[in-house]
Amino acid sequence: MLSLNSKFEYRNSKQIIIFKTSMFQTNKFRIWRIRILNLFRISDFGFRIFLIFILPVILLSGCQDKQLYKDNRVLMGTFVDVISPDKDAAQIVFAEIQRVENLLSKYKPGSEVARLNSLGKLTVSRETLEIIKKSYEFWQISDGAFDITIGPLVNLWGFTDKKYRLPKKSEINKALKLVGSDKILFNNLNNVVKFKLPGMKIDLGGIAKGYALDCAVKRLKENGIKSCLINLGGQIYCLGDRFGKPWQIAIQGPRKKEFKEILALRNQGISTSGDYEQYFSINNLRYCHIINPKTGYPADSGIQSVTIVTENNLEADALSTAIFVLGPEKGRKLADKFNAVDVKIAVDKI
Ligand code: AMP
Ligand code: MG
């Protein structure tokens with residue numbers, strides 16, 4: 001991700017990015033290297049490119065009649081950026097995402113998910129129960145590719161505490177015994193969720209951001225806010241439009257820092273799962289944070305990234321994770337069962 005260190009003023013939607021291009025040669029290829037040199041005068045083009053990559057660090061202001069407010073915060077372990085002509089939008093979004101994080105984050109000791117993970121049985125809120133049930137439905141429909149019980153495996157590979165390691169086969173086999181969403185028991189009458197086996201842990205990292213985004217959008221609408229862009233760690237939703245024009249989102253290639261495509265979105269979002277955000281490499285092999293629940297190893301389906309364009313963020317979030325595990329062919333078949341507007345898959349060897 002490209003980044004800037006400082007905040008700067010953003011005026012009147014007119015600015016240009018200057019790129020410096022240079023070329024270097026390997027045995028086989030000539031490779032263009034592009035560097036951002038300078039930023040001045042804002043153009044629409046500049047705005048598009050900023051949205052997804054540089055937006056987390058820009059401060060928006062503008063001419064009186066077309067002012068956009070921008071704010072950001074770290075929530076759910078990632079940057080949240082909010083841009084809106086309404087100055088209250090950011091606080092509404094942050095408060096709602098914080099609420100969902102307090103409920104569903106395995107990292108927050110007091111959250112329902114953290115308590116369930118440590119106790120193995122808990123009476124949860126209706127909301128948490130519904131998310132666990134939704135996750136279970138995705139487990140069923142994805143033939144087990146999406147599975148929130150991968151918690152012990154995520155821990156074993158070091159993705160929870162960021163102390164990455166290559167576990168022994170015996171350790172993986174042991175952890176695999178604790179995996180399988182059919183081992184979660186829930187009682188609809190009293191909201192009790194119970195694990196069948198001691199040591200089971202759920203991890204909602206593949207679905208909670210999408211849900212939080214849906215909740216935030218709902219709150220904005222309740223407050224009469226019609227135009228807002230939310231970027232929750234790359235999971236993005238575009239509410240309404242930007243002064244009559246769609247919001248512009250640039251999609252970056254998973255390996256090269258290049259812009260593959262620019263999407264114009266209104267009341268739609270995108271969700272991306274990729275192997276380039278959280279991973280480690282040993283002997284040139286890349287191990288990413290999305291685990292194949294069948295093998296216990298990081299998913300290795302040939303996909304580098306999958307992006308879902310959608311209206312339903314929860315659905316898109318779970319779907320992008322599942323497709324990443326399933327691979328392009330089975331993944332597209334799964335996507336066909338949902339209302340995804342578009343599915344973009346980048347595979348190895350591009
Ligand atoms: P995402 O970036 O939405 O694809 O979510 C990735 C996160 O989901 C990981 O960091 C884990 O917390 C969790 N996760 C990993 N593997 C799976 C899986 N097979 N099914 C569901 N969640 C997973
Ligand atoms: Mg996901």
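In which handedness of crossing does H8 pass H9? H8 passes H9 in a right-handed crossing; a crossing is right-handed if the near helix is turned clockwise from the far one by less than a right angle, and left-handed if anticlockwise.

## Basis of the model

This is a predicted model, in which local features need pLDDT of at least 70, side-chain atom pairs count only at pLDDT 80 or more, and totals for chains, interfaces and linings use all residues. Residues are numbered from 1 along each chain as its sequence is written, while chains are lettered from A and ligands numbered from 1 in the order in which they are written.

## H8 and H9

Helix H8 covers residues 313-326 and helix H9 residues 328-336 (helices are DSSP runs of H or I with at least four residues, numbered from the N terminus). Their axes come within 7 Å and cross at roughly 150° (axes are lines fitted to C-alpha atoms over the stretch in contact, with angles from 0 to 180 degrees between N-to-C directions). That makes H8 roughly antiparallel to H9, a term for angles over 145 degrees.

On H8 the contact is made by Leu-319, Ala-322, Ile-323 and Leu-326, and on H9 by Lys-330, Gly-331, Leu-334 and Ala-335 (residues are in contact if their C-beta atoms, placed from the backbone, lie within 7 Å). By class, this contact has 6 nonpolar, 1 polar and 1 charged residues (Ala, Val, Leu, Ile, Met, Phe, Trp, Tyr, Cys and Pro count as nonpolar, Asp, Glu, Lys and Arg as charged, and the others, Gly among them, as polar).

## H7 and H8

The axes of helix H7 (residues 208-222) and H8 come within 7 Å and cross at roughly 165°. H7 is therefore roughly antiparallel to H8, and their crossing is right-handed. From H7, Lys-209, Gly-210, Tyr-211, Leu-213 and Asp-214 meet Asn-313, Leu-314, Ala-316, Asp-317 and Ala-318 of H8. The contact of H7 with H8 comprises 5 nonpolar, 2 polar and 3 charged residues.

## H2 and H7

Helix H2 (residues 89-104) and H7 have axes that come within 9 Å and cross at roughly 140°. The two helices are therefore oblique to each other. H2 passes H7 in a right-handed crossing. By class, the contact of H2 with H7 has 12 nonpolar, no polar and 2 charged residues.

## Ligand 1

There are 19 residues around ligand 1, and Gly-205, Gly-206, Ser-273, His-289 and Thr-321 come nearest (a residue is near a molecule if its C-beta atom, placed from the backbone, lies within 6 Å of it). The shell divides into 10 nonpolar, 6 polar and 3 charged residues.

H8 gives the most to this shell, with 5 residues. At least three residues come from each of domain 1 (45-88 + 215-347) and domain 2 (103-195), with bounds from an automatic or database domain assignment.

Note on methods
Parallel < 35°, antiparallel > 145°, perpendicular 65-115°, else oblique. Contact = placed C-beta atoms within 7 Å.
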